[in-house]
Amino acid sequence: MKAVAAFILLLIFAAGAWLGWQALSFLNTPAQKPGAEAYFDVPQGASLAKIADELAAAGLITDARKFTLLARYRGLQNRLQAGRFQLNSGWLPDRVLDTLANGRPVMYKITIPEGLTWWQTAKLLEDAGFVKFADFRDAITDADFLRHYGIPFATAEGFLMPDTYLLRKPDFSQRNEPGPSDEADIWRRQSRAIAGRLIDNFWLKANAVWPGQNSTGQPQRINRPGRRDLQKWVTLASIVEKETGLPAERPRVAGVYENRIRKNMLLQADPTVIYGMGQGFAGELRKSDLANAANPYNTYQNPGLPPGPICSFGIDALNAAISPETHDYLYFVAAGNGPGHVFSRSYGEHEQAVREYRRQKRNK
């Protein structure tokens with residue numbers, strides 16, 4: 001019995017020694033010698049296991065499972081930050097872990113959804129720590145800035161491309177004696193840089209849908225439309241974006257407005273009226289709002305398209321504005337029994353559709 005107990009103790013000791021050696025080997029062995037700098041993205045909400053697997057696949061650690069155990073041992077499993085980090089394959093696992101948990105990301109991820117006004121975009125960016133609202137507003141309304149980016153409107157509304165971005169935050173750490181004026185200048189330059197990034201992305205994505213591109217959707221050449229076409233298409237695309245959330249329905253909605261423009265009918269688009277009321281809109285559109293001709297975006301009173309876009313829009317909305325569906329519909333109203341809209345060719349048909357919509361709403 002003593003021999004068996006001694007043997008078991010020996011096995012336990014050997015197993016402990018082996019595990020200790022494995023841990024020490026992992027902690028003291030970089031993934032590569034010599035190391036090389038690399039950027040590593042941590043998605044928002046990514047699990048520890050997924051991050052560890054991707055670190056191992058990128059050659060930044062030697063063992064994903066051991067890295068996971070290390071993070072849990074140090075109590076950092078829920079503290080890994082989202083963003084882009086500058087790492088080095090020659091670092092030890094502890095340093096990689098510390099950088100992801102406590103370091104400053106080189107870039108941070110943010111998603112700008114479709115359908116936001118410029119002020120909603122500015123607020124989103126400000127809340128995330130990328131810009132100051134007033135600086136962003138000043139940048140996208142600056143005449144020189146707009147001229148530089150080829151925007152034929154009084155603001156960059158409509159050109160702030162919805163997408164997921166990796167962006168830098170202002171870095172004040174390099175200043176020896178920071179002053180208020182220095183910090184204000186950094187924020188101003190930051191706002192212009194980020195606004196420019198969004199607009200550059202618009203031109204990049206829109207280039208594939210302008211007329212004259214080949215059948216694969218790839219541009220035959222870098223070519224922007226003329227001023228009048230650009231003004232019409234981006235303004236109409238922004239209205240289509242606000243009117244329907246169904247991508248398949250957008251060409252039909254664009255066709256309704258195309259028909260109204262051709263017949264010199266008022267567009268009568270609620271979203272344009274709301275946009276013209278600005279940031280103070282209380283959430284309920286009244287008859288007096290529709291009767292206010294002083295609102296330049298009131299398409300119930302002012303003929304033609306509004307003075308400019310009313311939100312940021314996706315490429316499918318732009319494509320719909322450029323190539324609207326050919327039909328003879330002039331009206332549409334939300335369907336009361338599901339998503340989408342009911343389209344009508346005459347005002348009588350439209351009135352009937354509106355009555356049906358109201359009836360179904362009452363019965364819910």
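Keep in mind that the model is predicted.

Pocket first. The largest pocket holds about 920 Å³ of space. Its lining counts 26 residues, and D270, Y300, F332, V333 and H350 lie nearest the centre. Which elements supply at least two lining residues each? They are α9 (227-243), α10 (250-262), α11 (270-276), α12 (287-290), β5 (331-334) and α14 (347-363). The largest share comes from α14, with six residues. By class, the lining has 15 nonpolar, eight charged and three polar residues.

Now the rings. The structure holds 17 aromatic pairs. Take F153 and F159. Their ring centres are 6.3 Å apart and their planes stand at 50 degrees, so this pair is tilted. F153 and F159 are both buried.

Next, Y329 and F343. This pair is tilted too, at 5.7 Å centre to centre with 45 degrees between the planes. What does the pair tie together? Y329 sits in the loop between α13 (315-322) and β5, and F343 in strand β6 (residues 341-344), so the contact links parts 14 residues apart in sequence. Y329 counts as buried because its relative accessibility is 12%, under the 20% cut-off. F343 is buried as well, with a relative accessible area of 12%.

The charged end of K132 sits over the ring of W187, at 4.8 Å from its centre.

Key. Residues are numbered from 1 along each chain as its sequence is written. This is a predicted model: local features need pLDDT of at least 70, side-chain atom pairs count only at pLDDT 80 or more; totals for chains, interfaces and linings use all residues. Side-chain values use heavy atoms; hydrogens and water are left out. On a 1 Å grid over the protein atoms alone, a cavity is a set of points where a 1.4 Å probe fits but cannot get out, and a pocket is an open set with protein on both sides within 12 Å along at least five of seven lines; lining residues have an atom within 4 Å of a point. Grid points are joined across faces, edges and corners, and a volume is the space filled by probe spheres set on the points. Helices (H or I, at least four residues) and strands (E, at least two) are DSSP runs, numbered from the N terminus. Ala, Val, Leu, Ile, Met, Phe, Trp, Tyr, Cys and Pro count as nonpolar, Asp, Glu, Lys and Arg as charged, and the others, Gly among them, as polar. Rings of Phe, Tyr and Trp (its six-membered ring) pair if their centres lie within 6.5 Å; planes under 30 degrees apart count as stacked, over 60 as edge-to-face and the rest as tilted. Buried means under 20% relative accessible area, exposed over 50%, partly exposed in between (1.4 Å probe, protein chains only). A charge sits over a ring if NZ of Lys or CZ of Arg is within 6 Å of the ring centre and within 35 degrees of the ring normal.
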